[in-house]
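Here is my note for you, point by point. Keep the sequence and the model open while you read.

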Amino acid sequence: MNPWELIIQQPVINVLIVMSHYLGDSFGMAIIALTIIVNILMLKLTFSQIRSSKAMQDLQPKIAELQKKFGKDKQKLSQEQMKLYKESGVKPAGCAVTMIIQMPVWIALYQAIMLSLAVAPEGLLNLSKYLYPWPIVYSVLPLNREFLLLDLAQPNFILAILVGVTMWLQQKMSMTISTDPRQAQQSQMMLWMMPMMFALLALSFPSGLALYWVANSIVRVVLQYRVTGWGGLRRKPAEPTGDADKKYLKFDASEEKKSTDEVGADIVISDSEPSRKDIYHPSKPTKTRYQPGKDRSKGRRKK
Amino acid sequence: MNLKGRGRVGRLILLVILILAVSLVGFGCVKGLAPIGWSGGIVSDGSLFVGSKEGRLVAVNLADESRLWAEPLKPVSSTGFFGCSPAMGGGCGGASRVAIYGTPVIYEDLVYIAGYNGKIYAYNATSLGLRWVYPRESNLKPFVGGIAVFGDKLYIGGEDGKVYAFDAATGDLVWEFQTDDKIWGTPTLYNDTLYIGSFDKKLYALDAADGSLKWYFTAEGSVIATPLVYNDVLYIGSFDRHMYALNAFDGSLKWKFMGENWFWAEPVVVNDVIYAPCLDGKVYLLKAGNGAKVDEYDMDGSVSSRPVVVDGSVIITTRKGVVYSIATDTREIRQMADFEEDVDGPLTEYGGIVYIHTADLSLQRINAATGAILRPVSLESQ
């Protein structure tokens, strides 16, 4: 056995088999339980990754400002962006690095599940070399592949759909809203492409693997919620560019109500053609937000 | 784009490539996902019949090495995407081949094989033309175990947990018997009794004539090995790491011996000594009468294929393709060859030559007496 098999695969496989025994001879339950345990063990890394990506998201308005300011001077823009990242303590590569660190663990879990499932006869024969000499391991094998009326060795349509849905949810929650339209388009494409691809893959692989993907996505959704709340799932405020041409503006009270209530500011509904500076701009909250005694504009009138 | 921008894009592309490469290697390197097959061979009228890893029956004329191929077995229609089939265990690229695990058997002028596609085929031994197939239209659950012939009947166990008996000439179903789990083992017949193991941890003894249950023995693990019957005693390995010796008439336990892994392969017996290969990389020599260990050999690799006995030697091959010979009188072991190819199926012996079906679609040949390695015969169809 090579070091990877000896240090990573073998322990994970044996743990899966033993867990299967203690969870009522259910390999499905063992997959779910081990996915949760592995996620708990990697909690720190996962939170770091989510926070990193949240910090990047929070910086988007400032980056947009920089792009506006230094749009033509790419070199200056790059310098300013790096300066901003440094000042904010954000490492743009942080997310990717954390993902790379986590990847071997997910690969090991995937391999352990596929090997333990032993879909083909060769798989069961191969599995024999990974077994520890624990009597419990030998009494459970071959594993019971039935779980909630599913055969975990066969693809399952419902589970494939669940893979797509849970993955989409997770992606949507963690999606970074970019001010760059090109980047935003790419994010949108990824949001749909990845879940669809995994759902299609789930239709071709044993549903034990799909169960692992679903369990993992659900755990990630919960962790993401802990850090960012609903994140990208929240309804987006109205786009300023589209509203600029409208005659009537509807104020989205849910976004700003709290701040305006605090300071007792007025809500103005105007029937005149609005100027761009009067429109609430979600991407520039610090600049347009009302500040007591500072930015009470002349155009505003008391209710 | 300025230099810095290009550098950043370059790093990003490099990162994406790195992630993709790691994913592809990691997610793609799980061995044993797709069924390949491990059929052994049988010799009749100077021809060796074997189920190739291309999913077709091959007849090799041992005199002139000419070969004849039957039509490839038809796979179960795939419901998976990207050319992957659920029957392939999610593995891709091999969905067009049907794995053949059982060794072909011969009765009169017909050769029989069972496929992983859940069908049993009968071919004319001379022309390899198809005589009959069961079932004709649909597919049963996959067959991993081989067929046994006794009288004018064929016997086989399937993944649906059923033991089937067919009329050898017509392919008509004679009887069936349901066990509680999958069957991967090949049945053994002795004194009108059919012995077959199941994943349900039981070894069944059935009346070969009508399929009625005579007795069953419950082990602590699944039973997939092929039983060996010698002097009214039945020897069978189990997933509980034991080799059991049972009374062939009533199933009572005579003795059991524990190895360090599964006894997957069928043992052989020479001079009242059982040669039992184990997946723990050892071959145990046990006294047939009481199970006492006479000797053990470390093969430096697990053994899953049934050995053969040739002229006072037991020839054994490890899964890595290393061939050993154990002299039954002196108990001396020597390495005969290292084919560096996977070997999972049983060995075949005919006329002092040992035939080994390796993963590279070849039939390796060794002269058992001299140890000379002969030129391999390719089973690859042209």
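1. Start with charges over rings. B:Lys202 lies over the face of B:Tyr216, 5.1 Å from the ring centre. B:Arg241 places its charged end over the ring of A:Tyr138, at 4.1 Å from the centre. A charge sits over a ring if NZ of Lys or CZ of Arg is within 6 Å of the ring centre and within 35 degrees of the ring normal.

2. A word on the basis. This is a predicted model, where local features need pLDDT of at least 70, side-chain atom pairs count only at pLDDT 80 or more, and totals for chains, interfaces and linings use all residues. Residues are numbered from 1 along each chain as its sequence is written, chains are lettered from A and ligands numbered from 1 in the order in which they are written, and side-chain values use heavy atoms, with hydrogens and water left out.

3. Now the aromatic pairs. Over all chains, the whole structure holds 23 of them. Rings of Phe, Tyr and Trp (its six-membered ring) pair if their centres lie within 6.5 Å; planes under 30 degrees apart are stacked, over 60 edge-to-face, the rest tilted. B:Phe217 and B:Tyr244 have ring centres 5.1 Å apart and planes at 65°, so this pair is edge-to-face. It links distant parts of the chain: B:Phe217 is in strand β16 (residues 213-218) of chain B and B:Tyr244 in strand β19 (residues 242-247) of chain B, 27 residues apart. Strands (E, at least two residues) and helices (H or I, at least four) are DSSP runs, numbered from the N terminus.

4. Buried means under 20% relative accessible area, exposed over 50%, partly exposed in between (1.4 Å probe, protein chains only).

5. Next, two tryptophans. The ring centres of B:Trp262 and B:Trp264 are 6.2 Å apart and the planes are at 25°, so the pair is stacked. B:Trp262 is buried at 0%, and B:Trp264 at 7%. Both belong to one aromatic cluster, whose members include B:Trp38, B:Tyr101 and B:Trp184.

6. Finally, a sheet. In chain B, 4 strands form an open sheet in the order β25-β26-β27-β28, with antiparallel pairing. Its edge strands are β25 (308-310) and β28 (333-338) of chain B. Two strands pair if DSSP finds at least two bridges between them. Strand β27 (residues 322-327) of chain B pairs with β28(B) over 5 bridges. B:Ile326 has B:Ile333 in β28(B) as its bridge partner.
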